[in-house]
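Q: Could we go through this structure together, starting with the ligand and moving on from there?

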Amino acid sequence: MKEFLLLMASCFLLSYCNAVKTTTTNPPVVITDSIPETSEPSDPIPIVSPDGFGSAALDYQKYCASCHGKEMEAFADQIVKWKHGTSKVEIIKSIKVGIVEEGMPAFAETFSNREIIDLANYIRNGIDEWEAEMPSEKEGQIFETENGRYRAELVSTAADIPWGMAFLPSGEMLITDRDGDMYLRKTDGTSVQIQNVPKVRSKNQGGLLDVELHPNYETNKWIYISYSKEKGDKATTAVIRTQLVGNQLVETQEIFEALPYWNTNYHYGSRLEFDNDGYLFITVGDRGKRDVNPQNLDNHCGKVHRIHDDGRIPDDNPFAEKANAKASIYSYGHRNPQGLIIDKKTGTIWEHEHGPRGGDELNIIKKGENYGWPVISYGINYNGTTFTDKTKMDGMLNPENYWVPSIAPCGMAQIEGEKYGDWEGDLLVASLRFNYLVRVIVKDDVVLGEEEIFKNIGRVRNVRMSPDGFIYVAVEDPGRIFKMVPMG
Ligand code: HEC
């Protein structure tokens with residue numbers, strides 16, 4: 001519901017901004033045709049030029065983008081050290097007479113004065129927008145923590161809402177974009193769009209969601225993807241396994257489908273994680289039906305599931321023999337679990353889930369247990385009323401840690417290796433709401449404390465460890481993935 005309200009607010013803002021844009025007298029210049037086809041779909045070309053710049057958007061793409069970047073990255077990157085001046089007159093001069101000795105051609109012959117002025121305004125405006133859009137990155141490139149300083153190295157801007165990240169043995173990275181696209185980031189930093197991705201319902205919290213490799217990926221090549229699958233006016237959380245050949249997904253098989261479908265567009269859950277024995281764990285949210293789904297075993301929603309890598313259900317699942325229960329259920333009574341990680345050393349399954357208003361939970365998932373939603377909770381309704389006064393009950397497990405107010409957790413990693421010193425073994429929980437990560441200090445499966453780190457990095461959607469031991473943080477608005485590099 002909170003996510004829903006946020007969405008409503010942003011929809012309102014968006015339509016308001018659009019309305020403001022479209023009521024100006026100059027209609028937006030739509031550039032579609034004469035832009036060269038990009039071999040890099042991850043690099044979006046602005047479709048509509050800002051109002052009032054004449055043909056500048058088109059001219060820029062045609063004459064300038066090859067050197068200065070499709071989105072003026074080259075200019076933006078050198079904001080503080082514009083060598084030839086940032087005033088309008090200086091920019092006009094640069095364009096007109098060029099900086100020939102530096103490799104900047106003169107364009108006096110190419111454009112009329114009017115067109116050069118439009119270009120100068122267009123660039124100035126672009127830089128301003130870039131600066132306004134990227135405050136967190138600019139403020140937060142270097143982060144101080146209890147454990148030293150870290151630098152956020154930008155590694156990808158391919159996805160708008162980077163939801164899932166998986167690292168291939170080759171050093172390449174798979175990235176899912178919630179709006180339905182998927183990318184392969186190559187080791188040289190470029191990205192290609194992956195084809196044959198399942199059709200998703202990209203609405204509200206739904207879309208293309210998590211991605212995970214099979215533990216034996218090197219030999220069997222299976223990639224697991226969760227997404228919002230549509231049927232008529234309803235949708236559900238589904239999981240496929242598939243293989244990547246070139247930039248195509250092939251051999252795709254559906255291995256899990258949460259039932260029933262619902263006409264809501266939120267609480268899909270959908271994190272994927274393999275344990276040390278090769279079982280696949282899948283989280284599914286309550287789909288906004290808290291009084292129907294999480295406490296009943298006859299449906300898949302509000303549950304953590306355990307299945308074999310090909311979708312078969314293990315015989316020793318806790319409710320495999322129980323009449324009218326879904327056999328894949330491993331634990332129940334969950335709200336919207338969007339974080340899951342299994343400790344490689346101990347096998348402990350850590351899960352986190354969004355609470356209502358307050359009461360986000362960090363749980364250790366145990367076979368057959370009930371985590372209490374919505375019977376017990378530390379949260380209250382969004383409108384401030386309470387729905388339960390109980391935080392404890394026999395037969396229901398309490399969280400290891402909980403957050404009031406809600407941090408809106410999404411994505412989780414466990415720090416492995418030596419790169420981050422004594423952080424090894426701690427959990428990282430991404431906060432969508434507060435633009436930071438929570439380092440949950442864990443020793444022998446006990447939560448000892450927490451530290452807010454990487455403050456202002458952006459609206460954090462996910463956090464993962466790469467096989468070579470670096471923390472990768474995915475943020476949205478705009479979508480970026482950072483590698484967190486220790487500075488000693
Ligand atoms: C062939 C590559 C190339 C093309 C095409 C090109 N530029 Fe440049 N531009 C450069 C180089 C190189 C510089 C100098 C950067 C430096 O001195 O550090 C430069 C500098 C500039 C500057 C001054 C930036 C500063 O540091 O003060 C402006 C403004 C500029 N270009 C605008 C444009 C515009 C507008 C177009 C398209 C009409 C364009 N450029 C096309 C290569 C190019």
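A: Gladly; before the classes are given, note that Ala, Val, Leu, Ile, Met, Phe, Trp, Tyr, Cys and Pro count as nonpolar, Asp, Glu, Lys and Arg as charged, and the others, Gly among them, as polar. Please also keep in mind that this is a predicted model.

Q: Okay, how many nonpolar, polar and charged residues does the shell around the ligand have?
A: The shell around the ligand has twelve nonpolar residues, together with six polar and two charged ones.

Q: And which of them come nearest?
A: Of the 20 residues around the ligand, the nearest are Cys64, Cys67, His84, Gly103 and Met104. Two or more residues of the shell are given by each of the elements α2 (56-68), α4 and α5 (113-133), and α2 has the largest share, with five residues.

Q: Which residues of α4 are buried?
A: In α4, which spans residues 88-97, Ile91, Ser94 and Ile95 are buried. They lie on the same side of α4, because they cover an arc of only 95° around the axis.

Q: What about the residue just after α4?
A: That is glycine 98, which takes a positive phi of about 70°.

Q: Switching to the sheet, what is the strand order?
A: The four strands form an open sheet in the order β21-β22-β23-β24, with antiparallel pairing. β21 (409-414) and β24 (446-453) stand at the edges with a single partner strand each, so one side of each has no neighbour in the sheet. Neighbouring strands of this sheet are turned against each other by 25° on average, direction ignored.

Q: How many bridges do β21 and β22 pair over?
A: β21 pairs with β22 (residues 427-431) over four bridges in the antiparallel sense, and glutamine 414 has leucine 427 in β22 as its bridge partner.

Conventions: Residues numbered from 1 in each chain as written. Predicted model: local features only at pLDDT ≥ 70, side-chain atom pairs only at ≥ 80, totals over all residues. Buried ≥ 20, exposed ≤ 12 C-beta atoms within 10 Å, placed from the backbone. Arc of directions from axis to C-beta. Near = placed C-beta within 6 Å. Pairing = 2+ DSSP bridges. Axes fitted to C-alpha atoms, helices over the stretch in contact; angles between N-to-C directions.
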